[in-house]
2 protein chains.
Amino acid sequence: MSGERLIYLPLGGAGEIGMNAYVYGYGAPDKERLILVDLGVAFPDMDTTPGVDLIMPDIAWLRERLDRLEAVFITHAHEDHVGAVAHYAETLGKPIHARSFTANIARRKFDDLGLPDDRVHTVGAWPEQVQAGPFRVGFVPISHSVPESAGLVIDTPAGRVIHSGDFKLDPDPIVGEAFDETLWAEVSKGGVKALICDSTNVFVDRPGRSESDLGPAITELIANASGLVAATTFASNVARVKTLAMAGEKAGRSIVLLGRAMRRMIEAAVETGVLTDFPRTVSPEEAQDIPRQSLMLLTTGSQGERRAATAQLSRGKYLGLEMKAGDLFLFSSKTIPGNERDVIRIINAFSEMGVDVVDDSSGRYHVSGHANRPDLERLHDIVRPQIVVPMHGEHRHLREHAKLAETRGYQGIVAVNGMIIDLTGNAPSVAGYVETGRTYLDGSVQVGALDGVVRDRIRMALNGHVVVTVILDEADEALGEPWCEIMGLPETGVSRAPLVEVLEEDLNQFLMRAEARTLRDDDRLEEALRRIVRQTAQTEIGKKPEVSVVISRLR
Amino acid sequence: MSGERLIYLPLGGAGEIGMNAYVYGYGAPDKERLILVDLGVAFPDMDTTPGVDLIMPDIAWLRERLDRLEAVFITHAHEDHVGAVAHYAETLGKPIHARSFTANIARRKFDDLGLPDDRVHTVGAWPEQVQAGPFRVGFVPISHSVPESAGLVIDTPAGRVIHSGDFKLDPDPIVGEAFDETLWAEVSKGGVKALICDSTNVFVDRPGRSESDLGPAITELIANASGLVAATTFASNVARVKTLAMAGEKAGRSIVLLGRAMRRMIEAAVETGVLTDFPRTVSPEEAQDIPRQSLMLLTTGSQGERRAATAQLSRGKYLGLEMKAGDLFLFSSKTIPGNERDVIRIINAFSEMGVDVVDDSSGRYHVSGHANRPDLERLHDIVRPQIVVPMHGEHRHLREHAKLAETRGYQGIVAVNGMIIDLTGNAPSVAGYVETGRTYLDGSVQVGALDGVVRDRIRMALNGHVVVTVILDEADEALGEPWCEIMGLPETGVSRAPLVEVLEEDLNQFLMRAEARTLRDDDRLEEALRRIVRQTAQTEIGKKPEVSVVISRLR
């Protein structure tokens, strides 16, 4: 092996759930040839990322080593795996390989940005393999909550690595391939150096359930409904959408797809042949002429997203359709931690309308797309790798998964974003650390998480904003009085006088007495004015606002 | 009854969980004498109330009818029931009645604000009663997750009403009174007009469990721990704190109370005699000299609050104490929806330290303080009221609880904040609507929810803030060029030039060409400048910021 090594380096997705991006390298240290597996996004929230549109992994490390990057491989079509490919495509400039459905979804992302999509290459399922430098990569079908999910078999001079992708062990996933234990045993039989493995559900002790378990309960629920029926799930869960639609059709209802993602996903699934026998759908316009008890709406927005179809329906009419007392709304989904408030807001809005809401709390209308703890153990034992490297999880998941592997005789190692793991030898080791982080897509601009832009937004949201304008003449004397503009602050404080007037009065008092050396010096003056605003505001309203100072000198 | 009527009017807590405030009235319409039951707060979040300190019910309706208000009664010491009494005490100016422990906590709130606490009156348990105008009110002990919780028996000329307060049916609550079915049957036997009833857990189908169920599991967990042990729960759950402390003592550990609320609650419980036999505690300073395997920390911040002891420990040293690999941290609590992200952040921080975190997911280390569905049915059947009015719940809870009551032969009515319910006749009816809402405590100022202050903060957080300053001379001509100050926005956009410069250039171009009638008119000029900033920003950075315009005229 003459000093060459096999490395694994997560740039995103290890130590967090979301924005997956995993690098593999092979070669002499710091000269490894590289491939990237997945390039996803995470979603912003008001607490940490107000105003941001998407969160992407910071790929600075990779950008500085583009000459060593061979290709990108995408395991499946979920946003946290494929969401950033188009945004970074020009930066990376490398071929992107995926199976047909995933490639279809990826190409749509290029189209959305007006970029040519010819970098996206469709790869067939195993035994087809793609050569990328020292790597040979094959897509091995595995069941998940999106069609054509794949684990990757990555052959390297240091042995075979298997990257599980997101998966569950589903014998009957309704759409797409069932988990094929024989195939997985087959690809594992020559010995597997490392299994890089989904950790999402490591804390769930019961075996996972099949997508096909839901059909009877959903069918029964909808058969018994008397008014309009609407149901939401992740649009990418094409199997679930199909189960819901079939249940609607069986109950004599016409199916309406509401929301762009819902239409896009079904379209992509039909185009690529993974979805067949989907019931005929009608448009929202056509639905106007159909009695409500003969309609079933399938809507986007299972996580309570405010602009999606579900939230729109909860606020009133949407494309001419409206929920009413006696109707049924089904959340065929799990609420992701952090989205509870938004989902509950919708449930209460429906409750006010008299709509009956059914969610997954009974366990009858949703199953997870990820392998539970016993399923992880089962995959470990099929693959029998030398090393298990947990991925796709927060730190607590990775740690638990590594412990689980160790108790079962595999070497486990916790590898978080930025850790270079050397997989070459008999035991995995940490070979170094690189800086990783997040990049925000904010409007049309990419902003670094540490640039201070979002920090300033959060500060304004917490503290309000005061802008002070002072004009100084040629002799460095104040021309007129200073002005204050406030935003996000109460108009009056304890003195009952307008806050702006109290601030301006105190600032003016200061300016009249200020020393020449202060008035001459922008930094010094700005600091003094800021301090006065914060002190006065503290006295008046009990909080210290953010302060911007504009000093204009007439010269 | 000569046209007199008995009314119920929730001003807070009905249609939401939090900031409970329930009005009862008796008398001629619009001349009813009034009492207020509970006056609590809700807690802000970044999504809807950034920067706000506390959310209180808007009591404008009551403020305009102070001459009719007799008294305030507080059922128990939770913040959502007692949190606003001191803030509104001067406005209301009426006696506040509560049992000993609740009164102790209420008085501390007056002390915190530097207000005299002599308005707070301690009332003994039933059969003691307080006369308040046409009402006679007694406190009937009922078990809950705080000591000395009470239901109120409210006798009126129109009959007896029972206000359940928050409750569970616990035969062995560890601290405070067990649920006494005989007593509740006794107060109900003469016939009860209406039961106004806690709805929190109406969707939980299994019977509630006793606080005493937890002792063995907690004791075993802590007995088996080898490093430092820390545990968090709501400080007001004095019974749980006691169970935890006893388990620690049994394992030979010294107890350290960390966090102000933890010390205050234990102090109040000891002062009022509801807590006895609490293990001796040591201070954080004393703890420095005790080996870590002989310590147990009881910490505030079970909901992930960033400044509380739990979060501080997850970030590193706190008062000289520190968690390390091999230590145990127990969340003896449930995460309230909306707080998941903050709690998970802490769990992951502990995971990174190698601390083992145990939470309530096994069901062994936490029980709810609220009556589950079968317990609600049981209370209904003990009280056998004519009417059930669900309270303390979101709309979905109230609706479900009313349905439950109806199926069991009681009249149920969904009454949300602002609805006046007439309970006088044989069937309850909606007698009117009043405006309700929320008041924010923001720093030291009370701000109306609709004042626009918080709306502006949210807008700045989402969109950033641009301030434009223009100086016009006596002839209404621009003096120099306009200045822009940006906050919460990227420094450069698509043109790669500084955003501020692009904005200033476009504004300057406009000013040079602007008509005199625009330059003369502040409103017109402001609107034009705002539009330019928003258009240019949209082109440059793909988003439209909030814009403040400062026009200074040298006159």
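## Ground rules

Because the model is predicted, local features need pLDDT of at least 70 and side-chain atom pairs count only at pLDDT 80 or more, while totals for chains, interfaces and linings use all residues. Residues are numbered from 1 along each chain as its sequence is written, chains are lettered from A and ligands numbered from 1 in the order in which they are written, and side-chain values use heavy atoms, leaving out hydrogens and water.

## Domains of chain A

Chain A splits into domain 1 (5-206 + 368-448), domain 2 (211-362) and domain 3 (464-553); these bounds come from an automatic or database domain assignment. Taken over C-alpha atoms, the centres of domains 2 and 3 of chain A are 54 Å apart.

## Where A meets B

A salt bridge is a side-chain nitrogen of Lys or Arg within 4 Å of a carboxyl oxygen of Asp or Glu. A:R399 and B:D356 form a salt bridge, at 3.1 Å from N to O.

## Salt bridges inside chain A

Across all chains, the search turns up 77 salt bridges. In one of them, A:E16 pairs with A:R438, with their closest N and O atoms 3.7 Å apart. A:E16 sits in the loop between β2 (14-15) and β3 (21-27) of chain A and A:R438 in strand β24 (residues 438-442) of chain A, so this pair ties together parts 422 residues apart in sequence. Strands (E, at least two residues) and helices (H or I, at least four) are DSSP runs, numbered from the N terminus.

A:E16 is buried at 14% relative accessibility, whereas A:R438 is partly exposed at 30%. Buried means under 20% relative accessible area, exposed over 50%, and partly exposed in between (1.4 Å probe, protein chains only).

## A helix in chain B

Now for helix α12 (residues 373-383) of chain B: its buried residues include B:L376, B:L379 and B:I382. The buried residues of α12(B) pack against several elements of chain B, among them α5 (181-188) and α13 (395-407). Just after α12(B), B:R384 takes a positive phi of about 45°.

How values were computed
Contact = heavy atoms within 4.5 Å.
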